Each structure stands twice: as C-alpha cells, then as structure tokens.
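Visitor: I am new to this structure. Please take a close look at one side chain and its partner, and then show me how the surroundings are laid out.

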Amino acid sequence: MPLLSTKISPRPLLRLLLPSATRPLSSAAAPAGGGASAEARTQKLERIADELLSLTKAERDDYSILFRLKLGLHQWIPAGGVPAPGVGDGLAAEAANPAEEKEKTAFDIKLEKFDTAAKIKVIKEVRTFTDLGLKEAKELVEKTPVVLKKGVTKEEAEAIAAKLKQVGATVVLE
C-alpha cells in the first residue's frame, strides 16, 4: 500500500492538536441554545477545516484578508508581508519613509550664510533674540554655518527666520 494513498483519520490528529476538542464545553463557554457536545464541536471544526482546505490559493488569500478584517486586524500588514489593496496603507507609507519624522515641536535655528553687506544688520538681529552682547553676537555670526538658538517653538522659529531673511541671511529650521 503506497504511503500517498493511505488516508489517516483526522480525529486522532485533531485530538493531538486540539486537546480541548475532546473536553465538553464549560458552562461559561456554552452557547445559549443549550450547549453542544464535544462530538458536535469536533465535527463542526472538521467541516470548516475541510472547506478551507478545498479552497484554491486565490480563495485562501481572499479568505485570509476577510478573516483579518472581521477580527479587526486589517490595520496590520498581512503575514505575507504585502498589504492588501487599501489595507494597512498608513503603515506601508511609514515603512517606506522612515526618514520622515512625526510633527516636530522644537526647532533649532541655523544660520547658513548671509550677505557681507548685511553683516551688521544680521548681528543686531541675532542680539535681539539671543540676549548676547555685541562681541559674542559678532563671533557667533562669523562662525557660519552655526546654530543660533535651540529648542524653539515652531511659531517663534518661523518669526525669527523671517526677520533674519529680511535682513539678508539664509536660515534653516532643523
């Protein structure tokens, strides 16, 4: 008798894999209709397993997507690693662009360069928001590119950058 043509009864295998299939349902897990025997549960599970095994590959893929949706797992990437169309788009976008950060709350103001004719104006403007003396502000401006101020809110950083750009400086918010 060839090994491939031998059919093994799924019942002992089911008992090995699912020991709970041989136990009767507890009263907490029993359905409201009066309960089901362990044999009825086993038959139901066997029928479901047989139906799933009879599906084609495409039907199994569709079923797995539907099952994940029904369980509320549609926001996660499927086991195959490729999200289904319209499923998990947010996670796929985050995975594709890990360099993009979430909304920043603190910015650093970096002076990249400035017009040499506007050097005095830039120094005066730097003094207004850094509380530095004239000598310290001049030394700071001459070190370009340099971070002028760290941990500034977005609104304050944009206001300072706009003022510096008006006087002829090139500023970057980091």
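Guide: Tyr 63 is partly exposed, with a relative accessible area of 33%. The model is a predicted one, and every value here is computed from it. Phe 67 is also partly exposed, with a relative accessible area of 42%.

These two residues belong together. The structure holds 1 aromatic pair, and Tyr 63 and Phe 67 form it. A pair of aromatic rings is described by the distance of the centres and the angle of the planes. For Tyr 63 and Phe 67, the centres lie 5.7 Å apart and the planes make an angle of 25°. The pair counts as stacked, because planes under 30 degrees apart are given that name. Both residues sit in helix 3, which covers residues 57-71. Tyr 63 and Phe 67 are 4 residues apart there, so about one helical turn separates them.

The spacing of 4 residues comes up again in helix 2 (residues 38-53), this time between Arg 47 and Glu 51. Here too the separation is about one turn of the helix. Side chains of opposite charge can pair when their charged atoms come close. Arg 47 and Glu 51 meet in a salt bridge, with 3.2 Å from N to O. Arg 47 has a relative accessible area of 44% and is partly exposed; Glu 51, with 43%, is partly exposed as well.

The salt bridges of the structure number 6. One of them joins the side chains of Lys 119 and Glu 142 at 2.8 Å, N to O. Lys 119 lies in helix 5 and Glu 142 in helix 6 (residues 134-142), so this bridge ties together parts 23 residues apart in sequence. Lys 119 is partly exposed at 25% relative accessibility, and Glu 142 is partly exposed at 39%. Another salt bridge links Glu 112 with Lys 110, where the closest N and O atoms are 3.8 Å apart. Glu 112 counts as partly exposed, at 30% relative accessibility. A network of salt bridges connects Lys 110, Glu 112 and Glu 174.

Read from the N terminus, the order is α-α-α-α-β-α-α-β-α-β. Of the 174 residues, 20% count as buried. The chain exposes about 12900 Å², and carbon and sulfur atoms supply 59% of that area. Among contacts between residues at least 6 apart in sequence, 56% join residues at least 24 apart.

Key
Residues are numbered from 1 along each chain as its sequence is written. This is a predicted model: local features need pLDDT of at least 70, side-chain atom pairs count only at pLDDT 80 or more; totals for chains, interfaces and linings use all residues. Side-chain values use heavy atoms; hydrogens and water are left out. Rings of Phe, Tyr and Trp (its six-membered ring) pair if their centres lie within 6.5 Å; planes under 30 degrees apart count as stacked, over 60 as edge-to-face and the rest as tilted. Helices (H or I, at least four residues) and strands (E, at least two) are DSSP runs, numbered from the N terminus. Buried means under 20% relative accessible area, exposed over 50%, partly exposed in between (1.4 Å probe, protein chains only). Contact means heavy atoms within 4.5 Å. Accessible areas come from the Shrake-Rupley method with a 1.4 Å probe; for residues, only the protein chains shown count as cover. A salt bridge is a side-chain nitrogen of Lys or Arg within 4 Å of a carboxyl oxygen of Asp or Glu.
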